Amino acid sequence: MAPAAATADLDGAFRAARAVLERHLHSLQVLFNTPENYTLASRRREPQGLPQAFGAVLRRKSHVTVELPPLARLPELTRALPAELKACQQGKSSFTLTAPDALVLAQLDQLARAVLLRLRQDGQA
């Protein structure tokens, strides 16, 4: 077994990342709530009538993905990401975890809070 697999705690990573998004539930709605997919959306709708995605925690085969889709259109929030969180970043709006990391999760919480604040300021949440 590879060392990374020996230290992986995907269940713990999923639970911890889900808890981060749940802290912001008061302003959002749950779209999916399964053991592999926890997805939140704004109560506002996209022009096509679909809920506006806010964030998701997705359990994959070898990692957990935390997605914050609004980051793709809010580059100013990603320019100053802490190094620990930047190391987990995949693309513009996704972050991967293989185990709970208190520092990274705290940074994700701050980022999710900043995203939600910006959406509110822009009238999108």
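Start by selecting helix α5: α5 lies across β1, β3, β4 and β6, running at about 170° to β3. Here, axes are lines fitted to C-alpha atoms, for helices over the stretch in contact, and angles run from 0 to 180 degrees between N-to-C directions. Helices (H or I, at least four residues) and strands (E, at least two) are DSSP runs, numbered from the N terminus.

A quick note before you click on. You're looking at a predicted model, where local features need pLDDT of at least 70 and side-chain atom pairs count only at pLDDT 80 or more, while totals for chains, interfaces and linings use all residues. Residues are numbered from 1 along each chain as its sequence is written, and side-chain values use heavy atoms, with hydrogens and water left out.

**Stop 1: along α5**

Colour residues 102-121 and you have α5, with 20 residues. From first C-alpha to last, α5 reaches 29 Å, close to the 28 Å expected at 1.5 Å a residue. (The expected span is 1.5 Å times one less than the number of residues.)

Now show Asp101, which caps the N-terminal end of α5: one of its side-chain oxygens lies 3.1 Å from the backbone nitrogen of Leu103. Just after α5, click Gly123, which takes a positive phi of about 70°.

Which residues of α5 are buried? They are Val104, Leu105, Gln107, Leu108, Asp109, Leu111, Ala112, Val115, Leu116 and Leu119. Buried means under 20% relative accessible area, exposed over 50%, and partly exposed in between (1.4 Å probe, protein chains only). Keep the helix rule in mind as you look: an α-helix has 3.6 residues a turn, so residues three or four places apart point the same way.

**Stop 2: the sheet**

Six strands form an open sheet in the order β1-β2-β3-β4-β6-β5, and the pairing is antiparallel. Two strands pair if DSSP finds at least two bridges between them. At the edges sit β1 (28-33) and β5, each pairing on one side only.

Walk across some of the pairs:

- β3 and β4 pair over four bridges in the antiparallel sense, and a hairpin of four residues joins β3 to β4. Look for Ala56, which stands opposite Glu67 in β4.
- β4 and β6 also pair antiparallel, over four bridges.
- β5 and β6 pair antiparallel over two bridges; select Gln89 and you'll find its bridge partner in β6, Phe95.

**Stop 3: Thr65**

Zoom in on Thr65, in strand β4 (residues 64-67). Its bridge partner in β6 is Thr96. Is Thr65 buried or exposed? Thr65 counts as buried because its relative accessibility is 7%. Its side chain makes a polar contact with the side chain of His63, at 3.2 Å. A polar contact is a pair of N or O atoms within 3.5 Å; within protein, one must be able to donate a hydrogen and the other to accept it, and residues adjacent in sequence count only if both atoms are side-chain atoms.

**Stop 4: helix α2**

Bring back α2. Contact means heavy atoms within 4.5 Å. Leu10, Gly12, Ala13, Phe14, Ala16, Ala17, Val20 and Leu21 are buried in α2, and what covers them includes β2, β3, β4, β6 and α5.

**Stop 5: the core**

Next, find the largest nonpolar core, which has 31 residues. Such a core is a set of buried Ala, Val, Leu, Ile, Met, Phe, Trp, Tyr and Cys residues joined through side-chain atoms within 4.5 Å. Select Phe54, Phe95, Leu97, Leu108 and Leu111, the residues with the most contacts inside this core. Which element gives the most to the core? That's α5, with eight residues.

Centre on Leu97: leaving aside neighbours within four places in sequence, Leu97 is in contact with residues including Leu10, Ala13, Val66, Cys88 and Val104.

**Stop 6: two loops**

Finish with Lys92, in the loop between β5 (89-90) and β6 (94-97). Lys92 counts as exposed because its relative accessibility is 59%. Beyond four places in sequence, Lys92 touches Leu71, Ala72 and Thr78.

Then jump to Glu46, in the loop between β2 and β3, which counts as partly exposed at 29% relative accessibility. Select Gln124 too: Glu46 and Gln124 are 78 residues apart in sequence, yet 9.3 Å apart in space, C-alpha to C-alpha.
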